[in-house]
Amino acid sequence: MKYESELQIAVSAVRAASKVCQQVQANLVTAATLEKKDKSPVTVADFASQAVVCGALKAAFPGVPVVGEEDSKELREDEAAELRAKVAQHAGMSEAEALEAIDHGGFDPASDPGVTTYWTLDPIDGTKGFLRGEQYAVALGLIENGKVVLGVLGCPNLDGGLLMTAVRGEGAKKLSIDGEGTDGETVGVSDIEDVSQANFCESVESGHSDQDASVKIASELGITAEPYRIDSQCKYAAVARGNAAIYLRLPTRPGYREKIWDHAAGMIVVEEAGGTVTDVLGKPVDFSLGRTLENNRGIIATNGKFHERVVEVVSGAITVVD
Ligand SMILES: Nc1ncnc2c1ncn2[C@@H]1O[C@H](COP(=O)(O)OS(=O)(=O)O)[C@@H](OP(=O)(O)O)[C@H]1O
Ligand SMILES: [Mg+2]
Ligand SMILES: [Mg+2]
Ligand SMILES: [Mg+2]
């Protein structure tokens, strides 16, 4: 199999980071933090998760850079001493090791177009879901020449903890988050062919996807099922295993660019499960342009049976402003 050692390391790193996140969610997300809308639990988990994954990638593949969502700037400040200690404790590292590992994720592909192979990491995707005690994901993808070739998506709260993996051309698999190794059950998209019978998933947060537009689009497609709102790249997992046939992420404001780590792992999992992923205008998703998907707007993922029809209706229903 291709990418065998990359997959092995990625799976074990995402499993370890998922456990760190589960522990933080169990210990630090409380009724009091929910009440106060206190974001500190996710901050600890975000940094610790990035430290764990980047530490493992740096040890195994020192020459392959990582495009991670977080950096250690805030964590290095004097006022962050307490936070820094918590991060190191949850990551199981010294403070210096944790800071160094986090900064291994500081690569920007736009800064060096000669580098065409890199990892991209979202240490916690769906931070708002994490804080609500709901769904979130640890998402790691490997990019080569602008395309995702491998993805590992940890979904610690989905069905008691599952992990989806995909290697380009080799299908998508479902593994337990607590297990070992990389063997798993093959997953496949829904086989619904009539779009009116499909259901779609979207963000819980209305600021991340235009939920008013999705109501109109669903009605035009003849879809009557309620939207399935779920946080994070768990939406891609839902499409990959047939819980939803469509994922709509519709631009909410001009100027926003999707981040590569918000899509790499989820996208390859859906594609390898038999689905199709493009942006809202039907363009292929280009991961070669830096930390963002500069040339794409929004996302449409489907089971592949009526993708063009969905793109057509979405293109007619929304105006994409730069
Ligand atoms: N305006 C806008 N449009 C689109 N996307 C945005 C926007 N603002 C933020 N983000 C990114 O959304 C990521 C969270 O994704 P979801 O919407 O799937 O999850 S959630 O409903 O917020 O839980 C979230 O990822 P995390 O920061 O990792 O949680 C952001 O990178
Ligand atoms: Mg994210
Ligand atoms: Mg994140
Ligand atoms: Mg974020």
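Predicted model: local features only at pLDDT ≥ 70, side-chain atom pairs only at ≥ 80, totals over all residues.
Residues are numbered from 1 along each chain as its sequence is written, while chains are lettered from A and ligands numbered from 1 in the order in which they are written.

The protein has 10 helices and 12 strands, where helices (H or I, at least four residues) and strands (E, at least two) are DSSP runs numbered from the N terminus. Its radius of gyration, taken over C-alpha atoms, is 19 Å, close to the 20 Å that the globule rule (2.2 Å times the number of residues to the power 0.38) gives for 322 residues, so the protein is as compact as a globular protein of that length. Along the principal axes, the C-alpha trace spans about 55 × 50 × 40 Å. Buried residues make up 50% of the 322 residues; a residue is buried if 20 or more other C-beta atoms, placed from the backbone, lie within 10 Å of its own, exposed if 12 or fewer, and partly exposed in between. Among contacts between residues at least 6 apart in sequence, 72% join residues at least 24 apart, two residues being in contact if their C-beta atoms, placed from the backbone, lie within 7 Å.

The protein is divided into domain 1 (4–186) and domain 2 (195–317), with bounds that come from an automatic or database domain assignment. The contact between the two takes 37 residues from domain 1 and 29 residues from domain 2. On the side of domain 1 that touches domain 2, β2, α6 (127–131), β3 (137–144), β4 (147–155), β5 (162–167) and β6 (172–176) each supply at least two residues, and the largest share, 7 residues, comes from β4. That side divides into 18 nonpolar, 9 polar and 10 charged residues, with Ala, Val, Leu, Ile, Met, Phe, Trp, Tyr, Cys and Pro counted as nonpolar, Asp, Glu, Lys and Arg as charged, and the others, Gly among them, as polar.

An unreviewed UniProt entry places the feature "binding site" at E69, D122, I124, D125 and D262; such annotations may be inferred rather than shown by experiment. Although these positions are spread over 194 residues of sequence, they cluster in space, the largest C-alpha distance being 9.7 Å. D122 is found in strand β2 (residues 117–125) and is buried, because 32 other C-beta atoms lie within 10 Å. Leaving aside neighbours within four places in sequence, D122 is in contact with E69, A139, W261 and D262. D262, in turn, lies in the loop between β10 (246–249) and α9 (264–272), and with 24 C-beta neighbours inside 10 Å D262 also counts as buried. Not counting residues up to four places away in sequence, D262 touches D122 and D125.

Of the 21 residues around ligand 1, G126, T127, S203, H208 and D231 come nearest, a residue being near if its C-beta atom, placed from the backbone, lies within 6 Å of the molecule. The elements that give two or more residues to this shell are β2 and α6. The shell divides into 3 nonpolar, 8 polar and 10 charged residues, and draws at least three residues from each of domain 1 and domain 2.
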